[in-house]
Amino acid sequence: MSDVAKLLVGSAVERMEDARFLSGSGYFADDLAVEGMLHAAILRSPIAHARIASIDASAALAMPGIHAVITAHDIGDTIPIIPLRLAPLPEFEPFRQPVIARDKVRYVGEPIAIVVADSRALAEDALETIGIEFDALSAVTERGASETPLFDFAKDNVALRYDAGFGDADAAFASAHYVRTERFSVQRHTALPMETRGMLAEWNSLAGRLVVTGATKVTFYNRRALAQMLGLREDDIDLIEIDVGGGFGVRGEFYPEDFLIPFAARKLARPVKWIEDRREHLMAINHSRDVACELSLACRSDGMILGLRGRVFADMGAYIRTNGGVVPAKAAQFLPGPYRIPHVSVSVEAFMTNKTPVGTYRGPGRFEANFFRERLIDMAAIDLGIDIAEFRRKNLITEQELPYPIDGLVPYEGPTSYDTGDYVEVFERALKEIGWFEKSHLQGKLIDGVRHGIGLGCFVESGGAGPKENAALTLEKDGSLTVAVGSSVLGQGLETVLGQIASDTLSIPFDRIRVLHGSTTLLDEGFGTYHSRAVVMGGSAVLDAATRLREKILQQASNHLGRPNSELKIVNANVIADNGASVSFAALAAGHDLQADGTFSNDVRTYSYGTHAAHVTVDPRTGAVKVLDYIAVEDVGRAINPAIVHGQAIGAIVQGLGGVFLDHLIYDEQGQLLNASLADYLVPTASDFPVLRAVTLELRPSPSNPLGAKGAGEGGIVAVAAATANAVAAALAPLNVEIHHLPLTPPRLWRLIKNARERTTNAA
Amino acid sequence: MISARALRLTVNGTQTTVTVEPRTTLADALRNELRLTGTHLGCEHGVCGACTVIVDGAAMRGCLMLAAQAEGREVTTVEGLGSAAHLSALQLAFRKHHALQCGFCTAGILTTAHALLTDEPHAGEDRIREVISGNLCRCTGYLPIIAAIMEARIAYSDVQCEAAQ
């Protein structure tokens, strides 16, 4: 890094994105408008499982302003299939989703037809006139329902089963003093970004080129998939990323509409825009979580954990989409967490139901796994008469034991190890922050009609997925810098963070930097934003490009000033020689093309880690929970912008609390989604969780990348269910209530309390 | 389809005419006819608050109000609060407190807060939370939003003092 007065990396600089968002001049998918643009609306299956007998769109086609009704028939004999981007296990291949239903529908919300019209309102009017005859089949909505296979080739509805592990769990359990087994589950919910999905597809029939604007997350991958489906060369498609109203894992995967809208644009040779409405969002975008687990822990009588066994059952919905089995695989992989457990055996069963397909949502599998394990740890500690903090302290992996291999838990992944950290120190910090010792007398106590509980949840969290990211930096003729990167923006402040890295490396003022991201036009190849990788991978690629550009600038300045590189320094976008002569970046760029490409390749994951602690009260009369205090402590290695990292942590905690108490996609036995509106699908509001704190530490940098950064966007959510459910359980322990299942709604808690009372009364 | 008719309304201080079908919502008229795309649609059923605009001083859901209902009235959108070059005190407080991430819900929260503080420049934290609980944000967890609005109150009390003098 060069000598500027103040380095931006590590400081909470205000974001370069904010002025445009605050003034209403952001540029989102629904803001797109071009000459001749048509609007699409999608007819979605109203029933969960049926054969399609016939589709009659004649009335729709007769309406004024309707340009086309496209069904599977129009797409051709072969309906394109959405590929597996992650975890491409062969078992999943036959369960992948066709881009439109032809003979059969398998979930409420599955696309059957698209209407293209002069306006969105006309397209929606026309949807209502399309007649479809269905031969209904019985809906599968739970595990083990195998009498009606969703897929004709399959004998049952299990897509995949595997066993994995390390050590000898059977022997560990056989020899253990103490064993406990419990069943837990996390309900189906989803990320709910504030902006629904949307895009504008423009086909240039003369050039044979397609431009799709509104893409994000993995644009280069999606372009490849789309090119194959449309029979085009990748070069003939551009996916353009503009502002993105939240991602959280669900947005930007390849969905049916990512084919259907471009297909319609090409077929009609007109620009076609589609904006998802909120109702269809809730039934069309990836759902997530929905994992159950039978978990067993084997311990010595002193509380040392000897072994862990976990059987993970995941409801994948009707198809296996791009994320493959990431959700259950990670739910199994993160069962051991930050603890020294020598013998681990896990199994995964991914089964199909007539519900919306599942994909990743912030902290996929981790949110669930940490909840399962941390709940069982509390139960075990209490059984063994050991303080629940002491139990954890005893079993947390120590710094001396790192790197700590956790190989063999995911069949399609190579070896991996927890990298660096001081798990115990961060744990102690969380105890101190929540006031563990001062408040321990409150556990379960009834004060003013409510019971108090304090809960803990420890986690370790992977980030920085490989294999690679690319960046290209250009010093413009006016001396400003353009940074182009393959990482995608999801609203997280990517522009600012990458600008900070470039600014420091090149000693160029922050306000002279423009960051372009995601679009396939910017670079030959990019890899995108997922698995907390944008800073680790994209940031490191920008650092590499900036370092190379710096060398080029110095070389050019050396020629210009006639002084050797060793006598030059860069200050505020000027190169200054020891003798006082200087030349500005603008002057250097005016005469020469100053551009540098950078790349960063890495297959080693980062492991951030931390502890959450929650203090809640539960009103036993109503089952209502109040979060009095919440603290999340996480070591992220290095925070490029502490304000952004802190904002991510607080936002993630609240999303996690939603997952604990509110968010729930509810299906009935017929496979109907009962709450596809924001009036019925509840998420946290400003008055729900007013007291939350996050402490971001930079104790141990990651050795995997030159920035020392670890993934920082998910640590705020992954242990929320763990800590909060433990707090609720602690509050209700005197009433003999145990917590196994989310969400912790007032009716559920009220019923648990009532049932426990009745048991006690009956026993007496 | 019923034919479009012209409506006169004042938007961000400027008298304007939009020609829309009777079923057109105010939010759609602002976005599609006047190209004021700072007002965002997050749910189109009145829950999320992203489309909130100020009509004759009151915060209203742009998706639940027909454009025709705004005829002859004064509408303020996020674009009327301040420009990127000249952000208002409220907008600056949002930037300072990192009270936005993806920026999609931001316009509706700014208009809601502006309407609140214009009426109640001394609103307490609980009151601010209560009012902002009608707007959904999925990124920030709301804490920095509340902090920003609390800080911006001073600018609104100043306005009231000036008006009183």
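Two strands count as paired here if DSSP finds at least two bridges between them. Keep that in mind for the first close-up; everything shown comes from a predicted model.

**View 1. A three-stranded open sheet in chain A.** Here 3 strands of chain A line up in the order S4-S2-S6, with antiparallel pairing. S4 (104-105) and S6 (131-136) of chain A sit at the edges, each pairing on one side only. Look at strand S2 (residues 50-56) of chain A next: 2 bridges tie S2 to S4(A), running antiparallel.

**View 2. Helix H10 of chain A crossing helix H18 of chain A.** H10 (residues 366-384) and H18 (residues 720-732) of chain A cross at roughly 35°, and their axes come within 8 Å. The crossing of H10(A) past H18(A) is right-handed. On the H10(A) side, the contact uses Phe367(A), Asn370(A), Phe371(A), Glu374(A), Arg375(A) and Asp378(A), while H18(A) brings Ala721(A), Ala722(A), Ala725(A), Asn726(A) and Ala729(A). Sorted by class, that makes 6 nonpolar, 2 polar and 3 charged residues.

**View 3. Zooming in on Ala722(A), a residue of helix H18 of chain A.** Is Ala722(A) buried or exposed? Ala722(A) counts as buried because 32 other C-beta atoms lie within 10 Å, and the cut-off for buried is 20 or more. Setting aside neighbours within four places in sequence, Ala722(A) is in contact with Asn370(A), Phe371(A), Glu374(A), Gly457(A) and His612(A).

Note on methods:
Residues are numbered from 1 along each chain as its sequence is written. Chains are lettered from A and ligands numbered from 1 in the order in which they are written. This is a predicted model: local features need pLDDT of at least 70, side-chain atom pairs count only at pLDDT 80 or more; totals for chains, interfaces and linings use all residues. Axes are lines fitted to C-alpha atoms, for helices over the stretch in contact, and angles run from 0 to 180 degrees between N-to-C directions. Helices (H or I, at least four residues) and strands (E, at least two) are DSSP runs, numbered from the N terminus. A crossing is left-handed if the near helix is turned anticlockwise from the far one by less than a right angle, and right-handed if clockwise. Two residues are in contact if their C-beta atoms, placed from the backbone, lie within 7 Å. Ala, Val, Leu, Ile, Met, Phe, Trp, Tyr, Cys and Pro count as nonpolar, Asp, Glu, Lys and Arg as charged, and the others, Gly among them, as polar. A residue is buried if 20 or more other C-beta atoms lie within 10 Å of its own, exposed if 12 or fewer, and partly exposed in between; C-beta atoms are placed from the backbone.
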